[in-house]
Amino acid sequence: MFTAILSQLFPLLPLALAVYISFFILRATDLTLDGSFVLGAAVFAKMLELNYAPMLAGIAALTAGMLAGTGVALIQRKQKIDSLLAGILATFVLLSVNLLIMGRPNISLLAKVTLVSTGINASDLSVNILSGAYSSILCLGVCLILVTRYGLLLRAFGDNPNLLHRLGKNVETHRIGGFALTNSLAAASGCLTAQTIGYADIGMGFGLTLTALGAVILGQQLLQKLSPKHLLHGIQAFAVCLLGVAFYLLATNGLLRLNLNPIYLKMVLGLTLIMFLRTANICTTKRIYESPTT
Amino acid sequence: MNHPLLEIKNLSYTPQGLSRSVLNNINYKIYPGDFVILLGSNGSGKSSLLKTIDRRTEATTGDILLSNKKISHYSQKEFASQVITLTQNTVDSLFPSLTVLENCFLALERLSIKTFLNQQNPKQFFSTHLKQFNNNLAHHFSTHVSVLSGGEQQALVLALSMLHPPKLLLLDEHVSALDPKAAEHLLKFTAKIIDEHKITCVLTTHDLKTALRFGNRLLALSNGKVSREFNEKEKKALTQEDLLNLYLPPQII
């Protein structure tokens with residue numbers, strides 16, 4: 001079970017970070033991440049099929065995610081369309097785009113040399129180590145960005161875009177920057193997932209954003225219990241995502257081991273999450289406007 | 001006579017979907033060093049006038065010139081370093097879920113970053129700066145702004161805007177959400193700061209005492225029009241009763 005969790009943990013980590021950034025830093029409900037996840041996998045698989053180098057394919061996948069993020073930011077430009085609606089629309093469009101790229105609903109990568117296969121003898125362990133390395137480097141890099149001045153501006157954008165504009169900053173470039181960042185993370189996640197499971201599939205991203213959101217919220221609760229002290233922002237983001245995804249995978253794999261019919265899996269997890277949230281009493285956006293009652 | 005800092009020419013503003021105009025043909029000049037009291041009842045157009053000056057709403061007709069240049073011709077960055085508005089709602093001027101220190105750093109974005117780079121130790125610099133405004137603030141660098149008290153938030157807003165004093169400060173009843181004691185304290189303090197830095201300022205109020213105590217000129221608005229103007233000499237001679245008369249309904253047809 002441990003290796004099963006490990007093999008799922010690292011590919012999902014960038015997606016969790018993407019969800020963390022978009023929901024808690026940019027304060028946008030960005031469902032495009034579902035589509036970008038598949039887009040990353042699709043671009044990577046198609047390029048391998050066309051015999052491009054895996055590294056190049058990986059970079060192309062990240063770039064595709066960035067473009068998707070730029071697109072969804074442009075849809076919302078000047079707050080004309082709500083981020084939730086823009087995300088749904090973008091996912092809708094991406095469904096066609098992904099099919100166009102792949103040319104068919106799925107592409108197998110089993111016979112290909114990928115970024116995580118060493119080429120000669122791809123054991124489970126080496127796949128996990130490599131995907132872990134890629135995912136950790138990427139996530140830590142992004143977490144580093146979060147503690148820079150640019151990261152502060154992104155948080156300012158999420159918190160009070162009007163004031164950011166009044167300070168003489170271009171709000172739209174920060175919107176584009178933020179969404180490009182999150183969507184390329186999601187694409188990286190899709191790309192890594194396709195490599196570890198051995199294929200890219202048009203439906204592989206369905207519901208993943210919400211699942212990752214659940215994991216991230218769990219992670220936040222866990223971190224608060226473990227270390228109530230305020231951590232540096234970048235470290236906190238990384239810790240929340242790692243804890244959340246690990247706990248989520250532990251729970252799903254555990255439930256499946258208990259011979260739970262997989263049909264009930266999402267329902268059980270969803271209900272658990274609701275209970276968790278009710279008792280924890282957190283509210284992502286409104287909390288900041290409440291004055292302390294004690 | 002020196003040039004006006006701000007010149008309002010034939011300014012009218014009719015919001016979309018409203019048949020009557022909120023501001024109606026306003027002409028006024030504000031000179032460097034002026035402290036103008038903008039008096040008027042609710043709905044007289046005080047806030048709308050300040051919002052138009054501050055580019056938060058766009059005038060339907062007419063022009064506003066800042067240092068002889070149309071305000072619409074300034075870049076947002078240039079404009080932000082010259083004109084600052086404080087309102088009673090601190091969310092207009094602060095990032096509520098960020099910390100005090102982060103808000104300090106972001107306030108510097110208004111200026112060129114070089115000013116900041118010259119500071120050897122930014123934390124020390126902010127600490128001494130904030131202490132002039134409120135002693136508590138400097139001890140709460142890592143506190144989220146949303147948990148500060150209303151008075152502390154307003155003091156922070158004022159402190160941040162004085163990191164680099166603007167040419168024109170617009171005060172849109174910025175103390176009216178505070179309790180009387182805190183409001184009085186902040187108002188006095190604001191007046192002191194304005195005096196120290198020789199900032200040109202417009203203060204809106206419907207409190208007659210405030211209108212008499214502060215400022216060197218007074219502009220009374222009613223129904224979006226200038227109903228009375230008083231220069232420095234005339235303003236000094238005003239009594240509370242005179243002002244009360246300004247509030248009487250102009251005429252009921």
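# Exercises on a two-chain model

Chain A and chain B bury about 1,900 Å² between them, with 60% of that area on carbon and sulfur atoms. The model is predicted. Work through the exercises with the structure open.

## Exercise 1: The interface

Describe the side of chain A that touches chain B.

Solution. 

Step 1. Start with area. The size of an interface is often given as the accessible area lost when the parts come together. A:Leu152, A:Arg166 and A:Leu167 supply 33% of the area that chain A buries against chain B, more than any other three residues.

Step 2. Count the residues. Chain A brings 20 residues to the contact, and chain B brings 22 residues.

Step 3. List the polar links. Nine residue pairs are in polar contact across the interface of chain A and chain B, both residues being at pLDDT 80 or more.

Step 4. Find the helices. Helix 6 (149-159) and helix 7 (161-166) of chain A each supply at least two residues of the side that touches chain B. Helix 6 of chain A gives the largest share, six residues.

Step 5. Sort by type. The side of chain A that touches chain B has nine nonpolar, four polar and seven charged residues.

## Exercise 2: A salt bridge between chains

Find the residue of chain B that forms a salt bridge with A:Lys169.

Solution. 

Step 1. Side chains of opposite charge can pair when their charged atoms come close.

Step 2. Count. Four salt bridges are found across the interface of chain A and chain B.

Step 3. Name the partner. A:Lys169 pairs with B:Glu109, and the closest N and O atoms are 2.8 Å apart.

Step 4. Check burial. Both A:Lys169 and B:Glu109 are buried.

## Exercise 3: Salt bridges within a chain

For A:Arg27 with A:Asp159, and for B:Arg56 with B:Asp54, decide which partners are buried and which are partly exposed.

Solution. 

Step 1. Get the total. The structure holds 17 salt bridges over all chains.

Step 2. Take the pair in chain A. The side chains of A:Arg27 and A:Asp159 meet in a salt bridge of 3.5 Å, N to O. They link distant parts of the chain, 132 residues apart. A:Arg27 is in the loop between helix 1 (2-25) and helix 2 (32-49), whereas A:Asp159 is in helix 6.

Step 3. Apply the cut-off. Buried means under 20% relative accessible area. A:Asp159 has 6%, so it is buried. A:Arg27 has 26% and is partly exposed.

Step 4. Take the pair in chain B. B:Arg56 forms a salt bridge with B:Asp54, their closest N and O atoms being 3.4 Å apart. B:Asp54 has 1% relative accessibility, so it counts as buried. B:Arg56 has a relative accessible area of 28% and is partly exposed.

Step 5. A:Lys46, A:Glu49 and A:Arg104 are linked by salt bridges.

## Exercise 4: The surroundings of B:Asn10

Locate B:Asn10 and list the residues that it touches, leaving out those up to four places away in sequence.

Solution. 

Step 1. B:Asn10 is in strand 1 (residues 6-13) of chain B.

Step 2. B:Asn10 has 44% relative accessibility, so it counts as partly exposed.

Step 3. List the contacts. B:Asn10 touches B:Asn25, B:Ile26, B:Asn27, B:Thr61 and B:Gly62.

Step 4. Compare sequence and space. B:Asn10 and B:Asp63 are 53 residues apart along the chain, and their C-alpha atoms are separated by 6.8 Å.

Methods
Residues are numbered from 1 along each chain as its sequence is written. Chains are lettered from A and ligands numbered from 1 in the order in which they are written. This is a predicted model: local features need pLDDT of at least 70, side-chain atom pairs count only at pLDDT 80 or more; totals for chains, interfaces and linings use all residues. Side-chain values use heavy atoms; hydrogens and water are left out. Contact means heavy atoms within 4.5 Å. Buried area is the accessible area (1.4 Å probe) that two parts lose on being put together, summed over both. A polar contact is a pair of N or O atoms within 3.5 Å; within protein, one must be able to donate a hydrogen and the other to accept it, and residues adjacent in sequence count only if both atoms are side-chain atoms. Helices (H or I, at least four residues) and strands (E, at least two) are DSSP runs, numbered from the N terminus. Ala, Val, Leu, Ile, Met, Phe, Trp, Tyr, Cys and Pro count as nonpolar, Asp, Glu, Lys and Arg as charged, and the others, Gly among them, as polar. Buried means under 20% relative accessible area, exposed over 50%, partly exposed in between (1.4 Å probe, protein chains only).
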